[in-house]
Amino acid sequence: MVERIGIVGAGFSGAVIARALAEAGQPVTVVDARPHVAGNCHTARDPDTDVMVHTYGPHIFHTDDDAVWSYVNRFSRFMPYKNRVKTTVLDSVFSLPINLHTINQFYGKTMRPDEARAFVATQAHDIPDPANFEDQALAFVGPDLYQAFFKGYTQKQWGCDPRALPASILKRLPLRFNYDDNYFFHRHQGMPVEGYTALVDRILDHPGITLHLNTPFDPATAGDWDHVFWSGPLDGFFGYAHGRLGYRTLDFDRFTYEGDYQGCAVMNYGSVDVPYTRITEHKHFAPWEDHTGSVLYREVPRACTPGDIPYYPIRLVDEKAMLATYVAAAETVQNVTFVGRLGTYRYLDMDVTIREALDCADAFLAARLTDRPAPTFGNAPL
Ligand SMILES: Cc1cc2nc3c(=O)[nH]c(=O)nc-3n(C[C@H](O)[C@H](O)[C@H](O)COP(=O)(O)OP(=O)(O)OC[C@H]3O[C@@H](n4cnc5c(N)ncnc54)[C@H](O)[C@@H]3O)c2cc1C
């Protein structure tokens, strides 16, 4: 039976679910409060320089999931792209992630991999059971590398002392003992040649999909639909009745430059004396294009207040307790599935978002065939 299905949000979560349902013969209506599709991955050409700007911060596609890689390549040609990040700290420029070049430059040495590994082990503190992020970093890399490359950046990013953050943020030794400066390990990496918005436009281009932009969805109207997929904020669906889940937001201080401002796409600034965490130069995310002008963002993280765009879920002890309350509330709603980074209150890369959206659509269609309840969440938030 064809049902009335509403999908809230035209980011990757909403668009991928919409396409899967439409291809299965189920028409859907997608609404987004914004004037464009692609959610936070939205890209648009700057009218003055023609540079493709990543409006809500830079996005690099990377994945080990072959099916997701084939999926996105159905809708856009991808250009090869490797993310090579630099950091300015202590009046020098270093290569990230911390690799043999960084270590040798930092200590003024010419160590080979085994020598560097042994040397770093002599710097590391003996902390058998690290209680927080700082202890974990000291146990991995010792005080010098921690102070230079982790402490200030982490403090700015999360707005708190690194000792207030869990050790689990640093899961494994964050160093490479070779000269590989490719930020991501994934086998597939690239950039959609005409940006993410063109890609998502093509995902949504199906006769079974009706799209309404500039259309905020009021959760009170969810009952008008047979089913709703909600990729907005989980707490927002319930009118923040149990409080606001904590997020960090970002201010983008945009500026332009005639020429090449920094010679790379991403330059981090590790010191707390510099208010921003990084400067991104958007034309370098499309190295196959040629532009004389340049568009840049200085990125300043801060606490997210009502009206700001929520970027990074904080997910510390207090937030998880509040999250449990919202998860319980969501489980009482029969006809809504909460999906995506906001609907499940998790940081999700694009490839994971797409994988979860594909799986969620499959689970929904299978549930309908067998008369079982639709899933409450695309993926469990806790
Ligand atoms: C700064 C930053 C950089 C990132 N960089 C990368 C990267 O390099 N690589 C990578 O793989 N991932 C990256 N990500 C992650 C990426 O942004 C997410 O994977 C992706 O945005 C998740 O898509 P989504 O559809 O779940 O959410 P969103 O993109 O946030 O889409 C949700 C949509 O729902 C709409 N909406 C919400 N509420 C309502 C309502 N009530 N009515 C109507 N519409 C509503 C919003 O307007 C929005 O368009 C980055 C994230 C951040 C914060």
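What percentage of the 382 residues in the protein chain do buried residues make up? And, with that as background, which residues surround the ligand, and which are the closest?

Author: The model is a predicted one. Buried residues account for 54% of the 382 residues in the protein chain. The chain contains ten helices and 17 strands, and its C-alpha trace spans about 70 × 50 × 35 Å along the principal axes. Of the contacts between residues at least 6 apart in sequence, 72% join residues at least 24 apart. The accessible surface of the protein chain is about 17200 Å², and carbon and sulfur atoms contribute 52% of it.

Turning to the ligand, 34 residues surround it, and the closest are Ser 13, Asp 32, His 59, Leu 348 and Met 350. By class, the shell around the ligand consists of 18 nonpolar, twelve polar and four charged residues.

A nitrogen atom of the ligand lies 3.1 Å from a backbone N or O atom of Ala 33. In the side chain of Tyr 347, an N or O atom is 3.1 Å from a nitrogen atom of the ligand. For Asp 349, an N or O atom of the side chain is 3.2 Å from a ligand nitrogen atom. Taken alone, the ligand would expose 1000 Å², and the protein buries 93% of that area. Helix H1 (12–23), helix H9 (340–343) and helix H10 (350–370) are the elements that each give two or more residues to the shell around the ligand.

Leaving aside residues up to four places away in sequence, Tyr 71 touches Val 16, Arg 19, Ile 203, Ile 354 and Leu 358. Between Tyr 71 and Phe 338 there are 267 residues of separation in sequence and 22 Å in space, from C-alpha to C-alpha.

His 42 is located in the loop between strand S2 (28–31) and strand S3 (43–45). With a relative accessibility of 11%, His 42 is likewise counted as buried. Its side chain makes a polar contact of 2.7 Å with the side chain of Thr 197. Beyond residues up to four places away in sequence, the residues touched by His 42 are His 36, Val 37, Val 53, His 54, Thr 55, Tyr 56 and Thr 197.

Finally, helix H3 (residues 100–107) is mostly covered, with six of its eight residues buried. These are Leu 100, Thr 102, Ile 103, Asn 104, Phe 106 and Tyr 107. The buried residues of H3 pack against strand S8 (92–95), helix H4 (113–123) and helix H5 (133–158). At the start of H3, a side-chain oxygen of Asn 99 comes to within 2.8 Å of the backbone nitrogen of His 101. After H3 comes Gly 108, which has a positive phi near 65°.

Terms used
Residues are numbered from 1 along each chain as its sequence is written. This is a predicted model: local features need pLDDT of at least 70, side-chain atom pairs count only at pLDDT 80 or more; totals for chains, interfaces and linings use all residues. Side-chain values use heavy atoms; hydrogens and water are left out. A residue is near a molecule or strand if one of its heavy atoms lies within 4 Å of it. A polar contact is a pair of N or O atoms within 3.5 Å; within protein, one must be able to donate a hydrogen and the other to accept it, and residues adjacent in sequence count only if both atoms are side-chain atoms. Accessible areas come from the Shrake-Rupley method with a 1.4 Å probe; for residues, only the protein chains shown count as cover. Helices (H or I, at least four residues) and strands (E, at least two) are DSSP runs, numbered from the N terminus. Ala, Val, Leu, Ile, Met, Phe, Trp, Tyr, Cys and Pro count as nonpolar, Asp, Glu, Lys and Arg as charged, and the others, Gly among them, as polar. Buried means under 20% relative accessible area, exposed over 50%, partly exposed in between (1.4 Å probe, protein chains only). Contact means heavy atoms within 4.5 Å.
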